[in-house]
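Could you walk me through this structure, with the cut-offs spelled out as you go? I would like to hear about the loops, the ligand sites and one of the sheets.

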Protein chains: 2
Amino acid sequence: MISLYLGAIEAGGTKFVCAVGGENGEVYERVTFATKNPSETMEEVVQFFKSHKLKAIGIGSFGPVDLDRTSPTYGYITSTPKLNWSNFPFVEEIKKHFNVPIGFDTDVNAAALGELLWGAAKGETGCIYMTVGTGIGVGAVIEGELLHGLSHPEMGHILIRRHPDDPFAGSCPFHQDCLEGLASGPAIEKRWGKKGAELADRPEVWELEAFYLAQAVANYILILSPRKVILGGGVMKQPQLLPLVRQKVVHLLNGYVQHEAILHRIDEYIVSPGLGDNAGICGALALAKRAMEQ
Amino acid sequence: MISLYLGAIEAGGTKFVCAVGGENGEVYERVTFATKNPSETMEEVVQFFKSHKLKAIGIGSFGPVDLDRTSPTYGYITSTPKLNWSNFPFVEEIKKHFNVPIGFDTDVNAAALGELLWGAAKGETGCIYMTVGTGIGVGAVIEGELLHGLSHPEMGHILIRRHPDDPFAGSCPFHQDCLEGLASGPAIEKRWGKKGAELADRPEVWELEAFYLAQAVANYILILSPRKVILGGGVMKQPQLLPLVRQKVVHLLNGYVQHEAILHRIDEYIVSPGLGDNAGICGALALAKRAMEQ
Ligand SMILES: Nc1ncnc2c1ncn2[C@@H]1O[C@H](COP(=O)(O)OP(=O)(O)O)[C@@H](O)[C@H]1O
Ligand SMILES: Nc1ncnc2c1ncn2[C@@H]1O[C@H](COP(=O)(O)OP(=O)(O)O)[C@@H](O)[C@H]1O
Ligand SMILES: [Zn+2]
Ligand SMILES: [Zn+2]
């Protein structure tokens, strides 16, 4: 109980990961539990952290969340369809038990910051982190700052071009055939009738997936000019996918963005997470570190 | 010659505008001349500013430009196809004659900053400024900072969905049917056989134009979460266009971005430039002001 740790919460819709760690991204101890209703879940969170002396806590949360510090609902999970979590005052609840600086952001912004500090974008001043899993989400750090604005970005839902031979209608309840509706893990499963992991030997599956992901990445590059593009999440576990995405991004940009990272070093520019599956929890640790420093 | 002014250069591929002005965006004097080769053009720039005592100069330039302060070619116009302007050391040339702080950025980033300081986004901490003219360009200020990264964004060239009934192949030499290739002023002219200004009474022209612009704006909103969206440039002079874009953006987002600016105040969220045709030159003035303050 003498040394001071950082606390980290990776709050997902299906599971929570909590960890205590240090200022270099080390994770000393962690627990994972299913996401139940807020009071039960907070109880478990508090139990876990209680035995540690913490100097700050970082929360990377599923969303949408309110990140506007001037808003009366700052630190809330807002309009989620997830039962009982709508309008949950996440930061307030944690503050009740731990009176330390709290960093709060989206899960993907957290992961982007973690990758920047200790992962694939180490040494850079910015990056984007895209997860292609149950949903598609993207976080961004731009010249050292986490990307916020009117609210937080929702880059997983951009419109992209449908492939002319793709009969799948798309699975997004809001936009049907937006990026997430066409290219998330569940979209792959609905289109092909099998889970992604069971489609490894079907090249057409990954050609089409790369067709969609590359369009999104090309648009992110044209709009944000990120210093590094990191692609993670369950779907990216298919090792053939990343090279296909790189190749198609280069083809789509067609020499327009005259930067050697894109023209000559695409393999170092569009990469896998340096922290692997720890991007999320290390990201929350990074938020704690930032909260403490600010 | 006693009071100190700010100098502003709006450097376009066809014309240069130079102005002297003040710290509240006032323009005291201005000249416009055709863009010739760099040495003749710089001569005219220097002549104009010579008679004023300047404390800083701002340059909003056509691109691509190098904005990386650590780069040996910082302040250059880089790989432009425009004759003789490729690898032109713009900042260096101006510094030779005026040893004052120089602000340098893209024309559209400048315009975004001008609109933020003195125009339609006054009081906000960020905005995007899109010009739909001979080309399509977008500048952005995010939480007070001009958007840079690996290089500067090139948002005019994002991929969007073609309208199924649009037979026009697109006019972008790099991407053919990217946004600029489908929706710039010249694209309109090539598709319909007449200049935009002569197509005012053809509703189908503006429906299609809004179809493309709204997709782009929706993607910018999802990716950047701007606090204000400002649409300028020659094509936006069609007064029927802005309401159509607003309506289609709301329709495309379909309630996903739960912010009252989009749900209830779209007319104040997607707007015309507050500075009108002065956005560019006032933007350069804003860059001068920033350079002086930093
Ligand atoms: N090896 C794999 N190949 C293809 N898809 C996979 C693989 N592993 C997981 N997935 C898909 O990724 C999705 C889960 O993504 P994941 O990032 O693990 O979780 P979540 O997004 O829920 O945090 C599921 O749709 C699953 O089918
Ligand atoms: N009133 C108008 N209606 C429609 N299009 C217009 C109008 N005025 C100009 N344009 C188009 O806008 C383009 C010029 O854009 P502008 O912003 O004025 O210049 P630039 O982009 O070269 O700086 C041309 O293609 C022109 O046809
Ligand atoms: Zn969607
Ligand atoms: Zn293009």
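Setting aside residues up to four places away in sequence, B:Thr80 touches B:Phe62, B:Gly63, B:Pro64, B:Trp85 and B:Ser86, where contact means heavy atoms within 4.5 Å. B:Thr80 sits in the loop between S5 and strand S6 (88–89) of chain B; helices (H or I, at least four residues) and strands (E, at least two) are DSSP runs, numbered from the N terminus. B:Thr80 is buried, at a relative accessible area of 9%. Here buried means under 20% relative accessible area, exposed over 50%, and partly exposed in between (1.4 Å probe, protein chains only). A polar atom of the B:Thr80 side chain lies 3.0 Å from the backbone nitrogen of B:Lys82. That pair is a polar contact, a pair of N or O atoms within 3.5 Å; within protein, one must be able to donate a hydrogen and the other to accept it, and residues adjacent in sequence count only if both atoms are side-chain atoms.

A word on the source: this is a predicted model, in which local features need pLDDT of at least 70 and side-chain atom pairs count only at pLDDT 80 or more, while totals for chains, interfaces and linings use all residues. Residues are numbered from 1 along each chain as its sequence is written, chains are lettered from A and ligands numbered from 1 in the order in which they are written, and side-chain values use heavy atoms, with hydrogens and water left out.

Two of the residues that B:Thr80 touches, B:Gly63 and B:Pro64, are themselves joined by a cis peptide bond, with omega near 0°. B:Pro64 lies in the loop between strand S4 (54–61) and strand S5 (76–77) of chain B. In chain A, the bond between A:Gly63 and A:Pro64 is cis too, with omega about 0°, and A:Pro64 is in the loop between strand S4 (54–61) and strand S5 (76–77) of that chain.

Now to the ligands. Around ligand 1 are A:Gly133, A:Thr134, A:Gly185, A:Pro186, A:Gly196, A:Ala197, A:Gly233, A:Gly234, A:Val235, A:Lys237 and A:Gln238, each with a heavy atom within 4 Å of the ligand. By class, this shell holds 3 nonpolar, 7 polar and 1 charged residues. Ala, Val, Leu, Ile, Met, Phe, Trp, Tyr, Cys and Pro count as nonpolar, Asp, Glu, Lys and Arg as charged, and the others, Gly among them, as polar. For ligand 2, the surrounding residues are B:Gly133, B:Thr134, B:Gly185, B:Pro186, B:Gly196, B:Ala197, B:Gly233, B:Gly234, B:Val235, B:Lys237 and B:Gln238, again divided into 3 nonpolar, 7 polar and 1 charged.

| Protein atom | Ligand atom | Distance |
|---|---|---|
| A:Thr134, polar side-chain atom | ligand 1, oxygen | 2.6 Å |
| A:Gly234, backbone N or O | ligand 1, oxygen | 2.8 Å |
| A:Gln238, side-chain N or O | ligand 1, nitrogen | 2.8 Å |
| B:Thr134, polar side-chain atom | ligand 2, oxygen | 2.5 Å |
| B:Gly234, polar backbone atom | ligand 2, oxygen | 2.9 Å |
| B:Gln238, side-chain N or O | ligand 2, nitrogen | 2.8 Å |

Taken alone, ligand 2 exposes 570 Å², and the protein buries 62% of that; accessible areas come from the Shrake-Rupley method with a 1.4 Å probe, and for residues only the protein chains shown count as cover.

Where does B:Gln238 sit in chain B? B:Gln238 belongs to the loop between strand S11 (229–232) and helix H7 (241–253). B:Gln238 is buried, with a relative accessible area of 10%. Beyond its neighbours within four places in sequence, B:Gln238 is in contact with B:Gly196, B:Ala197, B:Ala200 and B:Trp206. A polar atom of the B:Gln238 side chain also lies 3.5 Å from the backbone oxygen of B:Gly196.

Two backbone angles deserve a look. A:Gln176 is not a glycine, yet its phi is positive, near 60°. This residue is in the loop between strand S10 (145–146) and helix H4 (179–183) of chain A and is partly exposed, at 42% relative accessible area. B:Glu143, also not a glycine, has a positive phi of about 45°. B:Glu143 lies in the loop between strand S9 (136–142) and strand S10 (145–146) of chain B, and its relative accessibility of 37% makes it partly exposed.

Finally, chain A has an open sheet of 5 strands in the order S10-S9-S8-S11-S12, with mixed pairing; two strands pair if DSSP finds at least two bridges between them. S10 and strand S12 (270–271) of chain A are at the edges with a single partner strand each, so one side of each has no neighbour in the sheet. Strand S8 (residues 127–132) and strand S11 (residues 229–232) of chain A run parallel, joined by 4 bridges. A:Met130 has A:Leu231 in S11(A) as its bridge partner.
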